[in-house]
Structures are given as structure tokens and as C-alpha cells.
Amino acid sequence: SNPFEVKVNRQKFDILGRKTKNDVGLPGVSRSKAIKKRNQTLLKEYKEREKTNVFKDKRFGEYNTKITPEEKMIRRFALERQQNYGKKNIYNLNEDEELTHYGQSLAEIEKLNDIVDSDSDTEERGTLSAELTAAHFGGGGGLLRKKVSSEQQDEEEEKPKSRKELIEEMIAKSKQEKQERQTRRESALELTEKLDKDWKEIQTLIARKTPKSERKDKEVEKPKPDEYDVIVRELGFEMKAKPSERLKTEEELAKEEQARLQKLEADRLRRMRGIDEQANKKRPSHMSADDLADGFILDKDDRRLLSYKDGKINIENEEEKEKEEGEEEEEEEGEEEDNDNEEESQEESASEDEEDDAADSHSDLESDLESEEEAAGNKEEEKHKANENESQNVEKLDPKSKAAKSELPYTFAVPESYETFKSLLAGRTMEQQLIILERVQKCNHPSLAVGNKAKLEKLFGFLLEYIGELATLDLPELRTIDKLVLPLYNLCQMFPEAASDSIRFILRDAAHDLGEVIEVKGRAAFPGLDTLIYLKIISLLFPTSDFWHPVVTPAFMYMSQLLTKCRITTLQDVIKGLFICCLFLEYISLSRRFVPELINFLLGVLHISLPKNQAQGYTVVHPFTPVGKNLELLFVCDKEDLKSWEKQNVPLSIVTRLKETSKTEINHIRLSCLALCFDLIKKCAALYESLPSFHEIMHPVRLLLTQHVPVNEYPEKMQEWYHSALKELENKVKHYTPLICEKKKPVPLKQYTPKIVKVLEFGRKQAGSKKEQERKQLIQRHKRELKGAIREIRKDNQFLARMQLSEIMERDSARKRKVKELLGSLATQEGEWKAMKRKKWKS
């Protein structure tokens with residue numbers, strides 16, 4: 001720093017507590033002080049960042065004043081022994097701990113082997129020992145030998161034992177102690193048994209039967225058990241919960257079901273072909289009198305034993321046994337090849353039996369040749385009867401094979417086309433069709449093979465097309481369609497994306513056809529029964545309460561178009577429209593979505609039930625017209641039909657057979673449609689009661705019911721439906737007020753009163769409350785401190801960077817200096833070597 005730039009402000013007096021501002025405006029002094037302070041703090045920390053030179057006293061209890069010195073020494077000694085005790089001393093059973101005193105072993109000190117100086121031995125000075133006299137003067141030879149032998153014995157006794165000897169000695173001692181304990185235990189058992197015998201003999205003499213009075217007193221005095229004890233005992237005898245088996249995964253269940261169906265199908269095919277498992281089992285041959293029973297079967301003794309009566313084979317018993325076996329074997333079947341094989345085997349066995357019989361006749365019966373001929377003839381008769389019995393069994397089993405053929409297969413492959421699918425279900429009952437679809441799904445589960453998923457996705461489309469075909473028949477099979485919804489739902493849950501694509505394709509085609517007809521004719525007719533059933537199935541397969549759904553939302557829009565674009569010209573159209581209204585209520589039962597087309601259609605149904613003279617004074621929305629030939633579609637003027645009418649549900653299948661019904665039935669259907677309309681109005685009122693504009697929405701319906709509908713002409717049941725619907729409309733209270741624009745505060749008129757504005761001086765802060773001023777001061781102080789901290793951190797980083805750069809430069813300069821020194825030394829060596837070489841060359 002330039003000394004001419006330094007300006008020193010001195011203070012005359014030092015006042016305690018006053019902050020001096022002498023250093024303000026002195027850049028040189030403040031900078032030198034900052035550098036000096038960083039050298040003392042930051043640089044010191046930087047240099048000592050990787051050094052640890054702190055001495056720690058780790059002696060146990062050195063600075064713990066709560067422990068006495070004796071306890072400190074004891075614990076230190078224990079820690080020292082614990083540290084010195086290693087793995088090498090684990091198996092050291094022979095040596096004890098060596099105690100020391102001032103570095104010397106206590107065991108050595110106790111031996112008193114210290115050498116006594118001659119100067120200190122004043123008492124025995126001048127005396128001679130026996131060994132010395134015997135050695136020098138020749139006396140006491142025997143004494144010397146005795147002394148030597150005694151010394152040898154003492155040395156042998158004092159000689160330490162080896163480790164092996166100690167272990168053997170220890171084992172011998174433990175065995176001796178164990179044997180002593182065993183003998184003591186046996187003697188104690190013998191004494192106890194003897195005492196028990198003596199006590200049993202004496203107990204009969206001591207025992208005295210207490211009288212009944214004393215027993216009663218004792219029973220009365222017996223305390224009752226506590227309730228807590230009773231509950232604890234009951235809990236002890238309660239059944240404990242046993243762990244259940246692990247729940248199987250979907251793949252495991254599918255594999256088990258496939259295996260079960262395959263086994264059942266194999267059994268069915270075996271029954272159909274006439275093959276029996278029991279017939280295939282090998283039966284043991286007959287037994288002679290000298291048989292050793294080598295083929296004995298423990299489970300079932302089905303051997304055929306030979307018996308003779310008056311020198312002939314007894315065939316009656318064999319026939320009875322065959323009948324009993326035929327009753328036990330219920331499913332005995334046979335093909336032609338199997339029968340031939342059985343006949344051949346029987347012929348071979350028959351020939352073998354004849355040979356055995358001959359041998360047996362010689363060994364056991366000692367009969368002559370005539371008896372042998374008779375036995376052979378009887379054997380031929382037995383063979384003929386056995387063949388007849390087998391043919392009878394085959395005839396009996398034919399009905400069983402026919403029943404197996406007529407039985408449904410247990411395994412099915414997924415059809416590849418709609419024609420094969422239709423042929424698979426053709427001619428089957430409703431229950432059989434459901435079983436077939438269930439087995440197709442189980443045998444071709446997606447987890448069993450790779451391509452099963454694509455096949456079952458096609459199956460969903462085939463089933464959907466089949467349902468549409470059933471609905472378009474002259475007599476639609478609605479019961480079958482109702483049952484087929486279950487497999488359709490299962491497939492939809494397995495493959496939701498493919499199912500939604502299939503149904504969206506059907507809806508797209510239906511909406512496209514409707515739009516084309518409206519463009520050409522300007523109006524369209526209601527779709528067929530198949531499309532209406534598809535709309536019903538959508539509500540069963542997919543959630544209808546979602547705000548937006550890829551299948552339900554297009555169906556919602558399509559139904560809205562049907563109620564607004566399709567003209568009402570016949571009674572069938574009214575029935576179809578009311579069916580769509582019912583579907584709308586089913587769709588919006590949870591979401592409570594407002595459908596204006598539904599209210600307008602119900603209003604139109606009421607309009608076409610009125611006579612022409614009363615159908616005035618209100619507005620009607622398309623597709624209904626205020627005038628025309630289709631006004632009185634639901635109007636009934638026949639009083640007899642009105643009286644004979646009874647409330648009944650309108651089936652959807654009646655749409656196809658309205659032309660065949662009589663006039664009275666048609667009038668009853670009209671009245672049922674009107675009653676259904678009243679019911680739907682009631683449900684709409686209960687559904688939309690929470691809407692703010694409920695009264696405005698239902699006002700046209702309420703006006704038509706109260707002023708135009710001829711209630712008194714209807715039957716009593718119809719009047720009940722009418723009054724319940726009107727009561728539901730009129731008893732609703734306004735829960736919410738309709739939305740209105742917010743009222744604004746009125747703008748006041750202009751006045752000429754002066755507007756006083758506080759003029760603030762430039763550079764002064766606006767005054768406020770005390771809290772606001774303190775808050776602003778804190779904010780300003782925080783900003784100032786933050787800026788100062790950032791500035792100091794930046795300067796610290798710059799200082800450290802300079803220090804690091806100086807270190808790097810010092811290392812580089814030192815390296816360059818060393819390199820120069822090495823190069824210089826190498827140059828001198830090279831010069832010396834060249835000079836030496838030159839000198840040698842000259843010499």
C-alpha cells in the first residue's frame with residue numbers, strides 16, 4: 001500500500017462503550033488488517049487441514065474423580081489381563097496366572113532360592129556338612145548313598161508332569177466322580193422304592209374313612225374358584241388358531257384347473273372307447289395244491305382257484321365268482337383289438353391250465369387217462385362259457401360308451417373363426433353353452449401359453465357377435481343372452497383394452513349408419529334389438545360413473561342422439577325410447593349427471609298419451625310434434641280395457657311380436673308404458689332434487705301433469721302412480737339458490753372536496769407504526785449483513801486461491817531448480833567422461 005494514501009484519525013479520549021470510527025475511510029489500514037487477520041486464522045486452518053497433533057490421555061479413570069485409586073488399579077489390571085489374554089491361551093489348562101511383585105514372579109520369591117553371602121551367614125560359620133566330610137574324609141559312605149537316593153526321589157517328586165499326564169489324570173478323576181455319583185443315585189432310588197413299599201403296606205392301616213357329615217362340612221367349607229382363575233383355565237383349553245395354507249396365485253389355479261380338465265377328458269375318451277383300467281391289470285394265474293404263494297397280492301385276492309368235485313372241475317363256483325367280479329367292475333369296456341388280444345391270452349392261459357391240470361392230476365389225484373379226458377372236455381366248456389360272458393359284458397358296456405360319447409368334452413381349443421365358434425355352440429342347451437365357454441377359458445388361460453391371450457381376445461369378439469345374432473332372431477333368446485353376459489364379463493376383466501376396442505367398433509358403425517340416414521332422409525328410426533342389448537351390456541361391463549370413459553361416453557352420446565333424432569311413429573318406437581330412458585337412469589345413478597334429452601322424451605310420452613283436444617297450451621320438443629297423425633299413440637279410450645288393465649312389466653321381446661297381439665293387449669301395453677313413464681318421472685325427481693334449477697327443469701312436466709292429464713279417466717292403479725309422481729315433484733324444497741351476478745357497490749357522485757395528499761421529502765422514508773418501522777429496519781439490516789457476508793466469503797475464496805497459486809508456483813520453481821541442478825551435474829559428468837576418454841586416446 002502507498003503510505004501517502006494512509007490517513008490516520010486519532011481520538012483524544014477513549015470512552016468505554018463507544019464504537020470508534022477511526023478506521024473508516026482508510027483503505028490501506030483496513031486492507032492490511034484484513035490480510036493480517038486472514039493470515040492468523042484462515043491461512044493457519046488451511047495449512048493444518050490434514051494434521052492431527054492432539055495428545056489424548058486414554059488411561060482408564062484418569063480424570064474420573066468418582067472412582068477411588070484402588071478401583072482404578074483393579075480395573076486397569078483387569079483390562080490389561082483382558083488385552084493380554086489372546087487365542088494362544090484358550091487351551092492352556094495346565095498353567096495358572098502368574099502374579100508378579102515389582103517385576104518378579106511371586107512363585108519364584110516363595111521358593112527362597114536367594115544365594116546367601118558368606119559374610120551374612122554368621123550362625124553356621126565354622127560347621128561342616130555331612131556331604132563335605134563324607135567326600136573329603138571317607139566316612140559316612142552309607143549315609144551318602146542314602147542321601148543321594150532320597151535326593152533322587154525328591155527330584156522325581158518335584159519333577160513337573162507333562163500336559164498329557166495331567167489330562168489323563170483329570171479324565172480319570174472325572175470318571176471316578178461320575179461312577180460315585182451313579183452309585184449314590186442308585187442307592188437313593190433303592191431306598192426310595194423300599195420306603196414306598198413300606199408306606200403302601202402301612203397306609204392301609206392308617207387310612208380312615210371320614211363320615212358323610214364331615215365330608216359335607218368339608219365340601220361346604222371348600223372355597224369357590226375365582227372368576228379370573230376360571231377364565232384363565234378356559235383360555236388354556238381353547239382351540240388355538242392354526243395357520244392356513246398359502247393362497248395360490250392365478251397361474252397356479254389355472255394350471256391345476258387345466259390338469260383336472262385334461263384328466264377328466266382322458267377318462268371320458270377311455271370310457272367312450274371301452275377301455276377299462278381294471279381290465280388292463282394283470283391277474284395272477286390259478287393256484288395248484290402245491291403252490292408256494294409267490295404271487296400273493298395283499299390288496300385284493302382275485303385269484304381263480306381250481307376245485308374238483310367227484311373227479312371233475314367245479315365250474316359253478318367259478319361262474320358265481322365271475323358274476324360277483326362283474327358287479328364290482330362297473331366300467332368294463334372293450335374294443336375289437338383288445339377283445340382279440342384277450343381271447344388270445346385266454347387261449348394261452350387255457351392251454352397252460354390244461355398242462356397244469358395234467359401235472360396236478362398226476363401229482364395230487366393220481367387219476368387215469370379217462371379222468372384227464374373228462375377234465376379237458378370240461379375245460380373246453382368253461383372256455384366257451386367265458387367267451388359268452390365277455391360278449392354279454394361288451395353288450396352291457398355299449399350304453400356306457402354311448403353315454404360317454406354324448407357327454408360334453410372337458411377340453412376345448414379356442415375357435416379361430418366365427419363359423420367354428422358358432423358350430424361349437426350349435427345345437428347345445430343354454431347350460432351346455434355356458435359350460436363350453438367356461439372350459440374354453442380354463443383350458444386356454446393366458447398364463448398357460450404365449451398365444452392364448454390373442455385367441456381369447458378374438459373369443460370376446462365372437463361372443464359379442466353371437467349375442468347380437470341371438471337378439472336379431474324372430475324370437476330373440478333373451479334368457480340365453482342374459483346367461484352369456486357372465487363369460488363376456490370375465491373376458492372383459494381379463495382383456496379390458498381388447499373388449500373396449502370391440503364394443504367401440506360396434507358403436508362407431510351404429511353411429512355412422514345413424515348419421516348417414518339422417519343426412520339422406522332428415523330423420524331416422526330406432527335401431528334394432530341387438531344394438532339396444534349392446535347398450536345394456538356396456539352398463540354391465542364398464543364403469544358408468546366416470547367423468548369420461550372411452551366406451552361409456554360414446555354410448556352416452558349415441559343414446560342422446562337416439563332420443564332426439566329418431567321419430568316416434570309406432571308403439572315399438574315408444575317402447576324402445578322408454579328402454580333407452582331406463583338405460584339413461586342406470587348410467588347416471590351414481591354420477592347424477594343431468595340429461596335434458598331424458599326429461600324431454602318423458603314430456604313427449606305424456607304428450608302422446610293425451611287426446612287431441614287437450615294437447616294444447618304447452619311446448620313440445622323434437623322428435624315429438626304438436627300436431628300430426630302420431631299424437632294419440634298411448635291414448636286409450638276403451639273403458640273395458642281400462643278396467644281390465646293390471647300393472648305389468650313391459651318385456652323388450654314384445655317389440656318383435658306386436659303385430660300378432662290383439663287390440664286389448666295393445667291397449668294394456670299402452671297403459672303399462674304410461675305407468676312406466678310416471679315411474680321414470682318419479683325417479684328423475686328423486687335424482688335431480690339437489691340441482692339448483694330443479695323447479696325450472698321439471699316445471700313443464702309438472703304443468704302437463706296438473707293441467708292436461710285426464711287423471712279421473714285412468715284406473716285406480718294408474719291414479720296411484722300418477723299421484724306418487726306428482727307428489728315427488730311438488731314436495732321438493734329449494735336447497736340452493738340459483739347463481740346470480742354479484743351486486744356491485746354503487747359509484748358515488750363527483751364532489752368538489754379537496755383531496756389531501758401527504759407530500760414526502762426526497763430521500764426520507766415514509767413514517768408508519770412502530771412495528772412497521774422495526775420490521776423495515778430488520779429487513780434493511782438483514783440485507784446489509786447478507787451483502788457483507790457474501791463480500792467476506794468472496795474475499796476469503798480469493799485469499800485461498802492466491803495461497804494455492806503461490807504454493808503451486810513454489811513447487812514449480814523448486815522442480816525447475818532441481819532439474820537445472822541435475823542437468824548441470826550430468827553436463828559436468830559428461831565433460832569429465834569426455835576428458836578422460838580423450839586422455840586415454842592420447843596415451
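Reply: Happy to. One term comes before anything else: a residue counts as buried when its relative accessible area is under 20%, as exposed when that value is over 50%, and as partly exposed in between. By that rule, buried residues make up 24% of the 843 residues in the protein. Please keep in mind that this is a predicted model. It has 28 helices and four strands, and of the contacts between residues at least 6 apart in sequence, 72% join residues at least 24 apart.

Now to the part itself. Look for helix α15, residues 418–425, and helix α17, residues 452–471. They pack at an angle of about 65°, and their axes are 10 Å apart. The crossing of α15 and α17 is right-handed.

Which residues in α15 and α17 meet? From α15 come Y418, F421, K422 and L425, and from α17 come L459, F462, L463, E465, Y466 and E469. Sorted by class, this contact of α15 with α17 has seven nonpolar residues, three charged ones and no polar ones.

Several of these residues carry rings, and Y418, F421, F462 and Y466 form one aromatic cluster. A pair of aromatic rings is described by the distance of the centres and the angle of the planes. The count for the model comes to nine aromatic pairs. In one of them, the ring centres of F421 and F462 are 6.2 Å apart and the planes stand at 35°, so this pair is tilted. F421 lies in helix α15 and F462 in helix α17, so the pair ties together parts that are 41 residues apart in sequence. Both F421 and F462 are buried.

For comparison, find F594 and Y688, an aromatic pair that is edge-to-face, with 5.4 Å centre to centre and 70° between the planes. F594 is in the loop between α22 (571–587) and α23 (596–608), and Y688 is in the loop between α25 (663–687) and α26 (694–707), so this pair ties together parts that are 94 residues apart in sequence.

R49 lies over the face of Y46, 4.2 Å from the ring centre, and R593 lies over the face of F556, at 5.2 Å from the ring centre.

Key: Residues numbered from 1 in each chain as written. Predicted model: local features only at pLDDT ≥ 70, side-chain atom pairs only at ≥ 80, totals over all residues. Heavy atoms only, no water. Axes fitted to C-alpha atoms, helices over the stretch in contact; angles between N-to-C directions. Helix = DSSP H or I, 4+ residues; strand = E, 2+ residues; numbered from the N terminus. Left-handed = near helix turned anticlockwise from the far one by under 90°. Contact = heavy atoms within 4.5 Å. Nonpolar A, V, L, I, M, F, W, Y, C, P; charged D, E, K, R; others polar. Phe/Tyr/Trp six-rings, centres within 6.5 Å; stacked < 30°, edge-to-face > 60°. Buried < 20%, exposed > 50% of the residue type's maximum accessible area, 1.4 Å probe, protein only. Lys NZ or Arg CZ within 6 Å of the ring centre and 35° of its normal.
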